[in-house]
Structures are given as C-alpha cells and as structure tokens.
Amino acid sequence: MRADRRLIGIGKAVAVAAIVLWSIFPIAFIVLSSFKPGRDIFAVPPKLLFQPTLVHYANLWERWGSFFDGLVNSLIVTAGSAVLAVAISSLAGFVYSRQKSRLLNGSIFFLIGVRLIPPIVVTLPLFPIVNWLGLNDTHLVLILLYTSFFVSLGTILMRTFIDQIPRELDEAAIIDGASRLTVLRRIILPLAAPGMLAVAVFVVVFAWNEFLFAFIFTATKAKTAPFVLSEMISSVDGVDWGVLFAAATVQLLPVLVFVMVMNRFLVAGLTAGATKG
Amino acid sequence: MTIKLTRRDLLASTMAGAATMALGRAALGQTRTLNALSHLVHQNVLTKGSAGDVIAPWRKAAGAEISWTTLDSNPLQDRLFREASLGQTTFNVGFVVDNRMTPQIAGLFEPLDGYQSSDPIEDIDDIAPGLRRAMTVGGKVVGIPVRHATQALFYNEALLEEAGIAAPPSTVEDLVEQAKKLTFTSAAGAPVTGMILASDLAVFPVMFARAFGGDFIGADFKVVPNREAMEKGLSVLADLFQARALPRSYANTRNDDMVTWLQQGRAAFGVLPFARYAQLNNPEQSSVPGKIKAVEFPGSATLPAGSAMAAVVESWAMVIPANSTDKDLSWSFIKAVSSKAVTLGAARNGNGPVRVSTYADAGFAAAQPLAKIESAALAKARPAFPAFPEAVRAQATFLEEVQLAVLGRKTPQEAVAAIVERVTPLMPA
C-alpha cells in the first residue's frame, strides 16, 4: 500500500516535470538565445555555456524602433480592453445574477455561442465595415473587438462571483434606502473585486498577445507588438534570430509579471462556481 | 450674462485668428503623403544602406512624404488585395509578387500604359523583359518590376577544400557526386549534409527539373511538358535523400533552416536567392563568414546544346490600386523608383536590381562579388510557374507528390503521373 502510494507519487512528479519541461523549454530557449551571440544560437552541438551579450537588445533598440511603438500600442489596447470588458461584464453579471427571466436565462446560450465562433469567421466581413466607419488603424477598433470577444466569458464569470454574494445584503441595503446603483457600487462591486480581477487577467493575456485582429485592422498608427514581431520573421531578406528572440523576451515580460502577480485571482476565476455557494 | 470685450481682447483674437488661417494655408500647401504598402525590404533598400536615402530627391521634388506600411510577403499580398477591393483605399502604391498577378488580381490595379505613354519611365526596355512580361496581363501593363530574387547554388568553400574538391560543380551530375562526398563529419567534428533544400516551395524541384530541360508548368499552362526531365529531376532528389545527402528532416525543412544550416557549416550546398549572400557570410550570424560562395545552378551534362538552365526568379512590382486617390503622385513615385539612378542606389543598398544596365555599372560590379554571375543567371531566369487562380493549390499538390518521391514512398514515374493527373484540372480554361 505504501509502496503503491510512493509509486503514484513518483509517477505524478515525473508527469508534472515532463509537462513543466515541455512548457518551459521553448520559453527558456528563446530567452537564453536572446543573450547568445548570433552564430551560437543554432550551433550543433548546442552551446549551453556561452558569453552572454546584449547586442541583440541594442540592435532591437536601434533597428526596430517600431517594436517599441508597438508595445505602447499594445499597452493602450490591452488596458482599454481590460477596463471596458471588466466594466461591461460586471454590470451584465450583476443583472444576470440578480434578475430572473426566461429571456435572460435563454440569452446565456447566446453568450456561450458567441464564444464558440472562430474569430476569422467575422474578421474578414468586418473589414469593409470598419473601413467605412473610418475606424481602420485605430486603437478603438481593437479595444471594441477584444472586448466583444471577451465580454461573454466575463459576464458568465462575474455572474458566478456575484451569485456568491448573499442577496440579503442587497435587501438590507434597499430597506435602508439604497438604490440599485448604490447597491451595485457600494456592496456588490467591492465584494466581487476578485472576479473582476480574474476577468481582467483573461482579457489582458488575450489582448496583449493577440495577432489576427491587429493584422487585419491595423497598419501603422495602431500596430501592436505581435504584429511587429511577425514582420521580423521575414521570408524575403531573412531572420535576425537574436533580435527576434530579444523582442519576444521583451514582449513576454510584462504579461508574465502581471500573471504572476494576479495568479491567485486567476485560479479563483477558473474555479468560480465549482461548488454550490 | 454680459461679455466684456476690450480692444486688447479684440486685437489678440484677431491676430490669433489670422495666425490660424496662415498656419492652415501653410498646412494645405504642405507635403502630400504617399501611402505605400510594401515589404520592409522595399522600404530599406530605398532609404537605408551604403547609398543612403535614394528616394529623398523625389520626396523633395514632389513635395511629398512617404508613409510606409510594411508586412511580410503573404500578409502583404492579402492586405493589398483587400484594400484594392474596397470602394476606396488610402494606399497609393502597393508591391506585388509576380506569381500572384492573375487576371482577376490584375483587374484590381490601374493599367499603366497610359502613364507610360504620357510620362514615360526612363529607358523601360532596360528592365529585364521577362520580369515586365509577368506584369503584363491581357495586353495591359499593371505593374512595374522593382526587385528580383534569382536562385543560386551556394556552397561552403571550406568544406569543399576539406573534402579535396577543387571547384564547385559545373553540371548537376557533378553536384550530386560532390553532395554525396560532402556528407561526412567535418574536421571540426560537425556532421555535414551534402545538400539542404526546403520542402515547402516548388522552386527547388523545379530547378532540378529544369536542369534536365523540364519544368512544372510551362508558359502555355501545360503541366510537366517534359515528363522524362521531371522524372530525372525527382530521381536525383530521391537519390540524394537515400544517400543521406539530404537531411532526414527534409519534409520539415524550411527556407530559414537552409540559411541556418549553411551559416553553421552543417550543409555544403543549398539553393537560395543571390541576395542572401551577405546574410550567409555575416560574421554576427555565421560560423563560417566569408566561406559561403555562389555559382549559377548547373544544368545536366545531357542538356541539348544551345539550351540553358533557367534558374527560378521571383520578382516584385509596384502597382497602383484602381481605387486609390492621387494616382499621379503614385506614378511619379513609381517613375522615380524605376529610374536608373535610384535603381542603382537601391542595388547598392542590397536590392536585386531589375535593370540590365545596373550590372554593367563598374562601381556596382566591384562592390558586389556576385554581380556578374547574378546578371548571367537573370538573363535566362523565369518564374517557377505562371500566375493563375489555382496556383497555390497546384503548388501544394505538386509538393505533396515530390515529397512522396523523395522519401521513397512512390517512384518518380508514379509521382510525375500523379502530378499531371491532379494538377491538370487546376489549369485555367
């Protein structure tokens, strides 16, 4: 019995180690390679010991100024999407939690259905419409698109979080003369803050790394960092791998730090509603 | 509520208004903007490099600034065609690859014959005729060539020396023999493969077919016009793979893998555009800087006298979307870029020049070690296949059968028969 448990434990440890290695290895390769001399990046046999260099970061700064502009655009779009998505999801989640009607219950399926649509299906038909509206190559179009694609999931998440807040608190506040808006602002939102942070994390991770919408709808002014990265992988005049890996490392860092800081809220978001409150 | 207006206020607001109007007039009379949709390399060769900003004189003369939107090849084509399909586009000039210029796509762009008649490009016949033909659709010129990439045979001179080979191959038979000999472990302890080729582009099997006088699709859209030549080409590739002179990972090899392997000294031969010479020998990226040389891809010793090996060339051209505004500005830009002076300057900045006279320039030839070889290859080169609507599917089918033959799953004869059977229905009516 004890031997079985030990074997199971070892098996679990091996499986976890394999999954971690599988996940970490590409990231570690990119980050380490960004500090390797260019000719050593793909050396065979691989060079595990090397003299680190910052030349790729220097070249990135000198030759790819547009990448840093792209980072600023990514920041604007990500922040805007997160704020808008959280705001809309919170309001919608409150309604779904506190109001009951057949129409509302039925619309949940619509929310889930929207989430199942592959983005490419709506992207190309949207292009002439966005162009007609004059929203091409603006931060606003990306903010609206990212928000639209995440507000459904965010609403379901927020509803689950708000469901866990006792209705008695609402009723007590209403008896004391509070309006619905006051209940939302002074009671519900503060208590649902972990849910809002969870929604924010999902939106931030998605929006920061999103490529398809940025590629279709931006050109120069609102070009985001992933879009600039794709330019670096040039099929015409070759790839400077060191600079590309440096850019990928710089692109990775902000969202990695953000997710690590928000980790516990992400787990809470994933498990929200797992047990009946 | 009463607003008191003093003389001082009146004077200040009048002056402010006048200044605003003056600024507005200045803004109206200020620079126009040419919006160009291109690859980053087009922007770079016109604005950076040893010859500097070669398009600056045009900007000054036209009173125009250039706003560049740059994308990689396939996304660029996708975006350009979408923009050209709208009611109106803000892009004035686009850059198109020759193999995308089907009659349907050509309809999206402004015919340029009228502009050429009224405001001609300098000595247009100096631009390689084959490249201009690719941009003439239905008798109308829809694009002006601006860049070419012609395939060369690159080799590692140091590895050839180490294996006791005195000179690079002059026939494809020599190439096969040398590639097999150069599949070995080098003195530095690195495993070396004789030949590295990407498997996802028709360019490479087409080169081997042409070495024997064959082709994938002729200019008349006949599929595999010379079956025997194509079978010989595929047999050579299969033989190289069996002899391990092509990597085991051939089916997964891409263009950038070819560059990496040559830079690392892991492959003795590779087929890449001449323009990659600098990158392959770049000391920052290459373990063998200065050792990678190039020659024209050799034909077979069995080629009939008088027939030459036609390397594959891919070219870019400048087009004006039919729905763009300020087409006169667009033509002015195209005319400037196509001039002899700017073509030479761009070539010095690393562009593949489309003018024959550029190669004759003494300064350019002295600075570019491959200029003479490239010029000779360009004179005979033609695209991998003509442009037609189902070209992408035809290429994918072709490559599928080529891979089966190379990996030994089919004989070259079976593969060629399947290519003809599957690709012929995709040809334009």
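Which residues in H2(A) meet which residues in H12(A)? Select A:His56, A:Tyr57, A:Asn59 and A:Leu60 in H2(A), then A:Gly242, A:Val243, A:Phe245, A:Ala246 and A:Ala247 in H12(A); these are the residues that meet. Two residues are in contact if their C-beta atoms, placed from the backbone, lie within 7 Å.

Some notes on reading the model come before the next stop. This is a predicted model, in which local features need pLDDT of at least 70 and side-chain atom pairs count only at pLDDT 80 or more, while totals for chains, interfaces and linings use all residues. Residues are numbered from 1 along each chain as its sequence is written, and chains are lettered from A and ligands numbered from 1 in the order in which they are written. Helices (H or I, at least four residues) and strands (E, at least two) are DSSP runs, numbered from the N terminus.

**Chain A: H2 and H12**

Stay with this pair and show H12(A) as residues 241–261. The axes of H2(A) and H12(A) come within 8 Å and cross at roughly 85°. Axes here are lines fitted to C-alpha atoms, for helices over the stretch in contact, and angles run from 0 to 180 degrees between N-to-C directions. The two helices are therefore roughly perpendicular to each other; angles of 65 to 115 degrees count as such, under 35 as roughly parallel, over 145 as roughly antiparallel and the rest as oblique. By class, the contact of H2(A) with H12(A) has six nonpolar, three polar and no charged residues. Ala, Val, Leu, Ile, Met, Phe, Trp, Tyr, Cys and Pro count as nonpolar, Asp, Glu, Lys and Arg as charged, and the others, Gly among them, as polar.

**Chain A: two loops**

Next select A:Pro45, in the loop between helix H1 (2–33) and helix H2 (55–63) of chain A.

Move to A:Asp137, in the loop between H5 and helix H6 (139–163) of chain A. A:Asp137 is not a glycine, yet has a positive phi of about 60°. With 18 other C-beta atoms within 10 Å, A:Asp137 is partly exposed. A residue is buried if 20 or more other C-beta atoms lie within 10 Å of its own, exposed if 12 or fewer, and partly exposed in between.

**Where the chains touch**

Show both chains. The contact takes 20 residues from chain A and 27 residues from chain B. On the chain A side, helix H5 (119–132) and helix H11 (225–232) each supply at least two residues. The largest share of that side, three residues, comes from H5(A). By class, the side of chain A that touches chain B has 10 nonpolar, seven polar and three charged residues.

**Chain B**

Now hide chain A. Chain B has 20 helices and 11 strands, and buried residues make up 48% of its 429 residues.

Select B:Val224, in the loop between helix H10 (203–211) and helix H11 (227–242) of chain B. Is B:Val224 buried or exposed? B:Val224 counts as buried, with 22 C-beta neighbours inside 10 Å. Its phi is positive, about 45°, although B:Val224 is not a glycine.

Finish with H11(B) and H20(B), the latter being residues 412–423; the two pack at an angle of about 130°, with their axes 9 Å apart. That makes H11(B) oblique to H20(B). Residues of H11(B) in this contact include B:Arg227, B:Met230 and B:Glu231, and those of H20(B) include B:Pro412 and B:Gln413. By class, the contact has six nonpolar, two polar and two charged residues.
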